[in-house]
Amino acid sequence: MGLLTNRVERSEINPGDHIYTYRAVFTYSHHGIFVGGSKVVHFRPERNLDSSTEPSSDLYNPISPRSTCPTFPDCGFRQPNSGVVLSCLDCFLRNGSLYCFEYGVTPSVFLAKVRGGTCTTAMSDPPETVIHRAMYLLQNGFGNYDIFQNNCEDFALYCKTGLLIMEKQGVGRSGQASSVIGAPLAALLSSPLKLLMPSPVGVATVTAGMYCMSRYATDIGVRSDVIKVAVEDLAVSLGWAEHHDEAAQENEALSRQLVTL
């Protein structure tokens, strides 16, 4: 891995690594945790997991339907009503290149990475802890998918660090989400400078600086509103437990009705 790209070969990744690949001609990236054995645990919207007729070009369709994988019989495994999926590396990449997310980078390296969703200043936990979190969430879910507050990158970042943002408003841990919001915000804030700076180069430089600083300020490694949460306590911390209990009660009631019929 280098300053310009985090691209790696398959032989270079290890269990517990946070990997990603780009979709739709580098429009966005999809993230997951490599757990070994050519298997990846990742998070995606539930609505696309229940459809066997979804088009392969779907923005949130990183893998094909479970039954179509020729390599692993359990590719596409997930629990009901959960967006956390186990897939093989081939289906995860979908012919895309493989990249490895960097942890513990210096502020200067972080700011030099123009594109968000490639690195963080936060330190990673040991691989066995990362894999434990990923496999636990595969069995218990990661809540509802939200493109800005709870997406695939948020899932991978939590598995790697165990850090949870307590502030419910704003963006989550995702560097991609921070970039999407930070770019137009920087352009908006720098627009009055056009009246003071006749040079387009000067305005562009200030805009780029604001964009980089907005990304850095939302990085989980420097935020002050993050806490370490054990994966077993995650559902309670985020209020998912109540929803799981309600769903279980509904399923139990439905089962009783079926037995009565």
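Reader: Strand 4: which residues are buried on one side and which on the other?
Author: V84, L86 and C88 are buried on one side, V85 and S87 on the other, so both faces are covered (buried is under 20% relative accessible area, exposed over 50%, partly exposed in between, with a 1.4 Å probe and protein chains only). Strands here are DSSP runs of E, at least two residues, and helices runs of H or I, at least four, numbered from the N terminus. Keep in mind this is a predicted model: local features need pLDDT of at least 70, side-chain atom pairs 80 or more, while totals for chains, interfaces and linings use all residues. Residues are numbered from 1 along each chain as its sequence is written, and side-chain values use heavy atoms, without hydrogens and water.

Reader: In what sense do strand 3 and strand 4 pair?
Author: Antiparallel, over 5 bridges; pairing takes at least two DSSP bridges. V40 stands opposite S87.

Reader: OK, rings. How many aromatic pairs?
Author: 12, counting Phe, Tyr and Trp (six-membered ring) with centres within 6.5 Å; planes under 30 degrees apart are stacked, over 60 edge-to-face, the rest tilted. F43 and F142 are edge-to-face, 5.3 Å centre to centre with 85° between the planes.

Reader: How many residues apart are F43 and F142?
Author: 99, with F43 in strand 3 and F142 in the loop between helix 3 and helix 4. F43 counts as buried because its relative accessibility is 0%.

Reader: And which residues cluster with Y103?
Author: Y20, Y22, F26, Y99 and F101.
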